[in-house]
Amino acid sequence: MDAQRIKRLTKLVKVQRQIQALHETRHATHLANAMSAERDAHELIQRFDGGTPMSALFPDLYHQRISRAFAIREEEHALANQEVARAVAATLRADKVDRERREAGRALEEKIEQHDRLEFAARKGRSAG
């Protein structure tokens, strides 16, 4: 029973670490998307400020696209922050399960050692008697 519990806890630690990695990856993706949106906004601002014929003809469109790019940046930052919280929670869960796994392993080792000592004492008592 103890060995099965250790095996289950080991698998659970592995799954929790995979979940943690998933959230860390998603966090990085959201940050990359935020940076991309900010770059797009700054490129649009440069084009608009450059006085291109298109920016003179469609200033409202440029302003809408710039505003949308900054809004996307903010949305992506918010999503990235959510993923950080999820990654932290997954890390804490994985660490907790890993501690439980180590404790179960120590308990199993102690149980085996105690069993071996009792068996040794029983053999020694039989040979002395």
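Modeller: Buried means under 20% relative accessible area, exposed means over 50%, and partly exposed lies in between (1.4 Å probe, protein chains only). This is a predicted model, where local features need pLDDT of at least 70, side-chain atom pairs count only at pLDDT 80 or more, and totals for chains, interfaces and linings use all residues. Residues are numbered from 1 along each chain as its sequence is written, and side-chain values use heavy atoms, without hydrogens or water.

Ala87 counts as buried because its relative accessibility is 8%. What does Ala87 touch, leaving aside its neighbours within four places in sequence? Gln20, His23 and Glu24 are in contact with Ala87, where contact means heavy atoms within 4.5 Å. The C-alpha atoms of Ala87 and Ala32 are separated by 17 Å. Along the chain, those two are 55 residues apart.

Gln20 has 13% relative accessibility, so it counts as buried. Beyond four places in sequence, Gln20 is in contact with Ala87, Ala90 and Thr91.

Next, the charged residues. Glu83 is buried, because its relative accessible area is 2%. Its side chain meets that of Arg26 in a salt bridge, at 3.5 Å from N to O. A salt bridge here is a side-chain nitrogen of Lys or Arg within 4 Å of a carboxyl oxygen of Asp or Glu. Glu83 lies in helix H3 and Arg26 in helix H1, so this pair ties together parts 57 residues apart in sequence. Why does Arg26 count as partly exposed? The reason is its relative accessible area of 37%.

Glu83 has another partner, Arg86. The closest N and O atoms of Glu83 and Arg86 are 2.8 Å apart. Both of these residues lie in helix H3. They are 3 residues apart, about one turn of the helix. Arg86 counts as partly exposed, because its relative accessibility is 38%. Shared partners join Arg26, Glu83 and Arg86 into one salt-bridge network.

How many salt bridges does a search of the whole structure find? The count is 10. Lys111 is in helix H3 and Asp2 in helix H1, so distant parts of the chain are linked, 109 residues apart. Asp2 is partly exposed, because its relative accessible area is 29%. As a rule, side chains of opposite charge can pair when their charged atoms come close.

Then the nonpolar side. The largest nonpolar core holds 5 residues: Ile6, Leu9, Val13, Val97 and Ala104. Such a core is a set of buried Ala, Val, Leu, Ile, Met, Phe, Trp, Tyr and Cys residues joined through side-chain atoms within 4.5 Å. Helix H1 (2-49) and helix H3 (59-128) each give two or more residues to this core. H1 gives the most, with 3 residues. Look closely at Val13. Not counting residues up to four places away in sequence, Val13 touches Ala94, Val97, Asp98 and Arg101.

Lys14 is exposed, because its relative accessible area is 56%. The C-alpha atoms of Lys14 and Glu113 are 28 Å apart in space. In sequence, Lys14 and Glu113 are 99 residues apart.

Last, the confidence. The protein averages a pLDDT of 92, on the predictor's scale of confidence in each residue from 0 to 100. At least 70 is the score of 98% of the residues. Among the elements of the protein, H1 has the highest mean pLDDT, at 95. Helix H2 (residues 53-57) has the lowest, at 80.

Notes: Helices (H or I, at least four residues) and strands (E, at least two) are DSSP runs, numbered from the N terminus.
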